[in-house]
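These are my notebook entries on one structure, kept in the order in which I looked things up. The structure comes first and the notes follow.

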Amino acid sequence: MPDTVIVVGAGLAGLACALRLRSAGVDVRVLDAAGEVGGRVRTDVVDGFRLDHGFQVFNTAYPEAARVLDLGALDLRAIPSGVISFDEGRRERLMLPWRHPSQAFSGVLADVGTPVDKAVLAALTTRDIVLPASRLRAGRERTTLEELKHWGVSPKMVEKLIRPFLAGVVLERELETSSRFFHLIWRTFARGTIAVPALGMGEITRQLAARLPAEAVTLETPVIAVTEEGVETAQGGTIPARAVVVATDPAMAAALHPGLEIPAMRSVTTFYHAASRPPTDDATQFVDVQGEITDTLVISNTAPAYAPPGRALISTSVLGVLTDADEPRVRARLARIYDTDASGWEHLATYAVEGALPAMTPPFSMRHPVRLGPGRYVCGDHRDTGSQQGALVSGRRAADAVLADRR
């Protein structure tokens with residue numbers, strides 16, 4: 001049997017795992033069913049528009065990303081650190097004052113809560129910025145909603161700001177996500193810059209893949225079984241390996257490793273529209289307080305290369321799995337949010353991302369096992385936290401487990 005490690009899946013976790021193994025001198029082969037690397041972190045080019053597979057952003061405060069990526073080469077384009085809250089015709093701008101000093105009073109003046117609310121939120125944010133991440137991970141756990149109540153945040157601020165904002169982050173509106181994860185993700189938003197690579201989120205996984213030898217990545221090769229000898233592919237062949245790391249979504253991981261515990265998953269649908277001119281010159285993200293839209297923004301205002309010259313690209317996300325049939329209703333809501341006539345917009349694509357993010361409800365473990373047995377491993381954000389950080393960390397952990405077992 002060849003002394004090879006097969007990694008099934010060329011997404012963030014699989015590529016991170018393969019790179020760490022390769023750096024340790026291990027022969028690695030990455031197999032993926034798709035025609036390109038990236039998993040969920042991919043970008044399609046359609047008529048000159050760059051369409052990410054669902055609205056995604058990169059956070060510079062993710063420590064693992066800073067370790068494994070060349071951030072300068074990504075040519076990151078920063079999205080303003082804040083939101084515009086839309087509540088039935090009323091728009092309230094709330095920006096992080098240390099990122100946007102000229103708009104420092106936007107939150108003070110916004111009608112999203114009392115002065116006490118804003119002081120409480122400032123104290124919570126300061127605490128999350130200052131405390132070590134290890135302290136936040138070890139804090140008392142409850143739901144996010146219970147945590148906000150514990151801090152004394154009023155229902156008004158929850159409904160007008162925090163619930164609509166977090167809906168687009170954790171892909172649920174009930175605020176049932178673990179308070180530990182809430183504090184960690186709140187910390188990254190406060191400490192980091194939110195951005196997208198100039199040429200799309202797919203540049204992140206392309207950069208990782210480019211650091212592997214070309215012959216190490218084999219695409220259009222679905223794996224249908226993990227065997228004692230290695231893996232069996234849909235083409236009917238067996239590829240031998242001493243160790244196999246499954247770096248797929250949870251459903252596929254469970255199919256390849258029956259009995260593997262998998263979390264409930266959150267789904268989201270992103271609609272892309274093209275316009276002859278942007279409905280706003282603002283690059284800030286809108287959140288919808290009363291409607292179904294979690295977030296919408298003119299992404300080409302941030303990253304002009306997302307749209308061809310003279311055009312604008314609007315990215316809009318809604319929780320759940322929707323279809324093209326839902327697009328007219330979404331477009332009508334966008335017309336209200338942007339206060340514009342959207343009838344002439346071109347509907348470019350609908351990306352329904354099933355299983356976009358694992359549910360992280362209490363009790364939530366931020367470290368699930370990556371070693372399943374002799375020579376068998378698993379990684380992905382479902383083994384850590386539902387984030388790019390979690391995917392990258394899980395890939396490193398799986399690689400370290402492989403290396404430890406080889407000693």
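**Entry 1: a charged pair across the chain**

I began with aspartate 405, which is partly exposed because its relative accessible area is 40%. I use buried for under 20% relative accessible area, exposed for over 50% and partly exposed for in between, with a 1.4 Å probe and protein chains only. The model is predicted, so I kept to its limits: local features need pLDDT of at least 70, side-chain atom pairs count only at pLDDT 80 or more, and totals for chains, interfaces and linings use all residues. Residues are numbered from 1 along each chain as its sequence is written, and side-chain values use heavy atoms, with hydrogens and water left out.

Which residue does aspartate 405 meet in a salt bridge? I found arginine 371, at 2.9 Å from N to O. The pair links distant parts of the chain, with aspartate 405 in helix H14 (residues 388–406) and arginine 371 in strand E20 (residues 371–373), 34 residues apart. Arginine 371 is also partly exposed, at 42% relative accessible area. For a salt bridge I take a side-chain nitrogen of Lys or Arg within 4 Å of a carboxyl oxygen of Asp or Glu. Helices (H or I, at least four residues) and strands (E, at least two) are DSSP runs, numbered from the N terminus.

**Entry 2: other salt bridges**

I noted a total of 29 salt bridges in the structure. Side chains of opposite charge can pair when their charged atoms come close.

I looked up glutamate 327 next and found a salt bridge to arginine 331 at 2.8 Å, N to O. Both residues lie in helix H13 (residues 327–338), four residues apart, which is about one turn of the helix. Are glutamate 327 and arginine 331 buried or exposed? Both are buried.

Arginine 77 pairs with aspartate 75, and their closest N and O atoms are 3.0 Å apart. Arginine 77 counts as partly exposed at 30% relative accessibility, and aspartate 75 is partly exposed at 36%. I also recorded a network of salt bridges that links Glu36, Arg42, Glu203 and Arg206.

**Entry 3: the six-stranded sheet**

Six strands form an open sheet in the order E10-E2-E1-E14-E21-E20, with mixed pairing. Its edge strands are E10 (217–218) and E20, each pairing on one side only. Two strands pair if DSSP finds at least two bridges between them.

I went through some of the pairings:

- Strand E2 (residues 27–31) is joined to E10 by two bridges, and the two run parallel; leucine 31 has threonine 218 in E10 as its bridge partner.
- Strand E1 (residues 4–8) is joined to E14 by four bridges, again parallel; valine 5 is partnered by alanine 243 in E14.
- E14 is joined to strand E21 (residues 376–378) by three bridges, in parallel; valine 246 is partnered by valine 378 in E21.

In a regular strand the side chains alternate between the two faces of the sheet. I checked both faces of strand E14 (residues 243–246) and found them covered: Ala243 and Val245 are buried on one side, Val244 and Val246 on the other.

**Entry 4: the three-stranded sheet**

A further open sheet has three strands in the order E11-E12-E13, with antiparallel pairing. The edge strands, each pairing on one side only, are E11 (223–226) and E13 (238–240). Strand E12 (residues 230–233) is joined to E13 by three bridges. Glycine 230 has proline 240 in E13 as its bridge partner.

**Entry 5: helix H1**

How far apart are the end C-alpha atoms of helix H1? I found 16 Å for residues 12–23, which agrees with the 16 Å that the 12 residues should span at 1.5 Å a residue. The expected span is 1.5 Å times one less than the number of residues. Nine of the 12 residues of H1 are buried, so the helix is largely enclosed by the rest of the structure. Among them are Leu12, Leu15, Cys17 and Leu21.

**Entry 6: an exposed phenylalanine**

My last stop was phenylalanine 105, in the loop between strand E8 (90–95) and helix H4 (106–109). Phenylalanine 105 counts as exposed because its relative accessibility is 60%.
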